[in-house]
Amino acid sequence: MLRLAQLSDRDELRRLLSQLTNCQEILSTKLAEILSRSDYQIWVYETKVDDANKLLATGTLYIEEKLTYGGRRVGHVEEVVVDKPSRGLGFGAMLVSKLVAEAKKKKCRKVLLNCSLTNENFYIKLGFRQNAVTMRLDL
């Protein structure tokens, strides 16, 4: 079942996000703050395993307000990860398609994302294209 994340998903979100990047802890207060914002949507794909809820995938949509293009928004897809045993089963495509649909509902003019070169073909199959160079400065 695809749904918006809840505060009770904290431990499962940490487990999934740890497969993507450094995620030693998710503070309940920080998660509650993010979940309360109208410009952030954290989506999860949940299933039942042995009478317990387990998250198989997660992804975030951040909506950026813009002054250009008549004030039309830009959606940013972030932190997309599918649980390792569930990869290749379509959960990632389903999740990204949901994030794009939500961006359309929010009147975004485009959706941007950054990914590793190893994931580039996955996103190309979903209609994304390479567009620009991403620059980074670690603080």
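Contact here means that heavy atoms come within 4.5 Å. By that rule, and leaving aside residues up to four places away in sequence, Glu102 touches Gln41, Trp43 and Leu61. Glu102 sits in helix α3, which covers residues 91–105; helices are DSSP runs of H or I with at least four residues, strands are runs of E with at least two, and both are numbered from the N terminus. Glu102 is also buried, its relative accessible area being 8%. Buried stands for under 20% relative accessible area, exposed for over 50%, and partly exposed for anything in between, using a 1.4 Å probe and protein chains only.

A word on the model itself. It is a predicted one, in which local features need pLDDT of at least 70 and side-chain atom pairs count only at pLDDT 80 or more, while totals for chains, interfaces and linings use all residues. Residues are numbered from 1 along each chain as its sequence is written, and side-chain values use heavy atoms, with hydrogens and water left out.

Now for the sheet. It is an open one, built from 5 strands in the order β1-β2-β3-β4-β5, with mixed pairing. At the edges are β1 and β5 (108–113), each of which pairs on one side only. From one strand to the next, the twist averages 30°; axes are lines fitted to C-alpha atoms, for helices over the stretch in contact, and angles run from 0 to 180 degrees between N-to-C directions. Two strands are said to pair if DSSP finds at least two bridges between them.

Going through the strands, β1 (residues 2–4) runs antiparallel to β2 (residues 40–49), and 3 bridges hold the pairing. Leu2 has Tyr45 of β2 as its bridge partner. Next, β2 pairs with β3 (residues 52–64), again in the antiparallel sense, over 10 bridges. The hairpin of β2 and β3 has 2 residues between the strands, and in it Asp50 takes a positive phi near 50°. Over at β4 (residues 73–82), the pairing with β5 is parallel and counts 5 bridges. His76 stands opposite Leu112 of β5. Helix α1 (residues 10–17) packs on the sheet, where it touches β2, β3 and β4, and its direction makes about 75° with that of β3.

Charged side chains come next. Side chains of opposite charge can pair when their charged atoms come close. A salt bridge is taken as a side-chain nitrogen of Lys or Arg within 4 Å of a carboxyl oxygen of Asp or Glu, and the count by this rule is 13. Arg3 takes part in a salt bridge with Asp9, where the closest N and O atoms are 2.8 Å apart. Both Asp9 and Arg3 are buried. Arg3 also forms a salt bridge with Glu46, at 3.0 Å between the closest N and O atoms. That pair links distant parts of the chain, with Glu46 in strand β2 and Arg3 in strand β1, 43 residues apart. Glu46 is buried, as is Arg3.

Another salt bridge joins the side chains of Glu12 and Arg15, at 2.9 Å from N to O. Both residues lie in helix α1, 3 residues apart, or about one turn of the helix. Arg15 is partly exposed, at 22% relative accessible area. Through shared partners, salt bridges join Glu12, Arg15, Lys54 and Asp83 into one network.

Arg10 is found in helix α1 too, and it is partly exposed, with a relative accessible area of 26%. Not counting residues up to four places away in sequence, Arg10 touches Ile26, Leu27, Ser28 and Leu31. A polar atom of the Arg10 side chain lies 3.2 Å from the backbone oxygen of Ile26. Between Arg10 and Glu25, 15 residues apart along the chain, the C-alpha atoms are separated by 9.1 Å.

That leaves the cysteines. A disulfide is a pair of cysteine sulfur atoms within 2.5 Å, and a search of the whole structure finds 0 of them. For Cys108, the closest cysteine sulfur belongs to Cys115 and is 19 Å away, too far for a bond. Cys108 is buried, with a relative accessible area of 11%. Cys23, at 13% relative accessibility, counts as buried.

Technical notes: Polar contact = N/O pair within 3.5 Å; in protein donor to acceptor, adjacent residues only side chain to side chain.
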